[in-house]
Amino acid sequence: MKKTYYLFLSLFILSLTFSCDVIEKDNFTDPNAGFPWLGKKVLIEDFTGYKCTNCPDASSELHKIEELYPDKVIGIAIHSGTFAKPGGVFVTDFRTDEGNEITDFFGPEGFPIGMVNRQGYPDNVLLNYTDWASQAGEQLLQAPTIELSISEENNSVSVQARRLTEANNSLKLVVCITEDGIIDKQIYGSDLIEEYEHNHVLRKVINGAWGSNIQLSSTSSTYSYDYTLENSWVRSNCNIVAFVYDNSNKEVLQVEKIHLTD
């Protein structure tokens, strides 16, 4: 990663007005201290932007959590707000209509910040990144209530889902596209990183920011959606992420991801 040390007067002014949260203490937990995983996976949504001076720390934390819980934690980076607005040397627009809608609804103010399975809505849903690991660990210990799987063929996604309990809560299914390995600029502290690797970038929510209403039973149901990738997206770096949430409290009940191949 090539670094060019460069101080922007405009960023200084911006930092005075919209400074990122400074997180001093990491709240990482030990995942090896007894872990009877029952099958529930965890979605971490990271509100971020390439002008956010502390956001690379949150991205790094998300990567660490994914490594600690392989294939059990799935990240989405939602580029939104002032820190994601193109301007100056920042040309690429990573914002999406769906990401903006989600951001407006949950209302994060100081970045970086995120949500772990959207647990705690409405008052405690937004968490500092140093709290993500412990929250993810707690969620992973819970029994899943939804079984979820994804298949993909010829730009069509099929999601199979069923209930694992007798609950009758109102459910919604969200299917989205994320992309890893995007090389672009990023501010980190007072430095401008010219070739920063952006991962988990939300590219598109295929079925709208709040997804589709679904009716599930103990028998598997299948929901299919067609999608297209924009020319600037690299298919082999893209993923399909699907999750089911309880519409009454927005809590994500199960999430799954597949990686697209050429």
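Which residues line the second largest pocket?

The model is predicted, so local features need pLDDT of at least 70 and side-chain atom pairs count only at pLDDT 80 or more, whereas totals for chains, interfaces and linings use all residues. Residues are numbered from 1 along each chain as its sequence is written, and side-chain values use heavy atoms, with hydrogens and water left out.

**View 1. Lining of the second largest pocket.** Lys-41, His-63, Glu-66, Glu-67, Asp-71, Val-73, Ile-74, Asp-180, Asn-199, His-200, Glu-256 and Lys-257 form the lining. A pocket is an open set of points on a 1 Å grid over the protein atoms alone where a 1.4 Å probe fits, with protein on both sides within 12 Å along at least five of seven lines; lining residues have an atom within 4 Å of a point. The space amounts to about 220 Å³, a volume being the space filled by probe spheres set on the points, which are joined across faces, edges and corners. Helix H2 (55-68), strand S3 (73-79) and strand S14 (252-259) each contribute at least two lining residues, and the largest share, 3 residues, belongs to H2. Helices (H or I, at least four residues) and strands (E, at least two) are DSSP runs, numbered from the N terminus. By class, the lining comprises 2 nonpolar, 3 polar and 7 charged residues; Ala, Val, Leu, Ile, Met, Phe, Trp, Tyr, Cys and Pro count as nonpolar, Asp, Glu, Lys and Arg as charged, and the others, Gly among them, as polar.

**View 2. The salt bridge between Lys-41 and Glu-256.** The two side chains meet at 2.9 Å, N to O; a salt bridge is a side-chain nitrogen of Lys or Arg within 4 Å of a carboxyl oxygen of Asp or Glu. The pair joins distant parts of the chain, 215 residues apart, with Lys-41 in the loop between helix H1 (9-18) and S2, and Glu-256 in strand S14. Lys-41 is buried at 13% relative accessible area, and Glu-256 is buried at 16%; buried means under 20%, exposed over 50% and partly exposed in between, for a 1.4 Å probe and protein chains only.

**View 3. The largest pocket and its 21 lining residues.** About 310 Å³ of space lies in this pocket. Arg-203, Lys-204, Glu-230, Ser-232 and Trp-233 lie nearest its centre. Strand S7 (171-179) and strand S10 (201-205) each supply at least two residues of the lining, which has 8 nonpolar, 6 polar and 7 charged residues.

**View 4. Salt bridges of Arg-203 and Lys-204.** Arg-203 pairs with Glu-179 at 2.9 Å, N to O. This pair links strand S10, which holds Arg-203, to strand S7, which holds Glu-179, 24 residues apart. Arg-203 is buried at 14% relative accessible area, as is Glu-179 at 2%. Lys-204 forms a salt bridge with Glu-98, their closest N and O atoms being 3.1 Å apart. Because Lys-204 lies in strand S10 and Glu-98 in helix H3 (residues 97-106), the pair ties together parts 106 residues apart in sequence. Lys-204 is partly exposed at 36%, whereas Glu-98 is buried at 9%.

**View 5. Asp-46, a buried residue without a salt bridge.** Asp-46 is found in strand S2 (residues 42-48). The nearest side chain of opposite charge, Arg-118, is 13 Å away; Lys and Arg count as positive and Asp and Glu as negative, with His and the chain ends not counted. Not counting residues up to four places away in sequence, Asp-46 touches Ala-58, Ser-59, Ile-76, Ala-77, Ile-78, Ile-113, Gly-114 and Trp-132, contact meaning heavy atoms within 4.5 Å.
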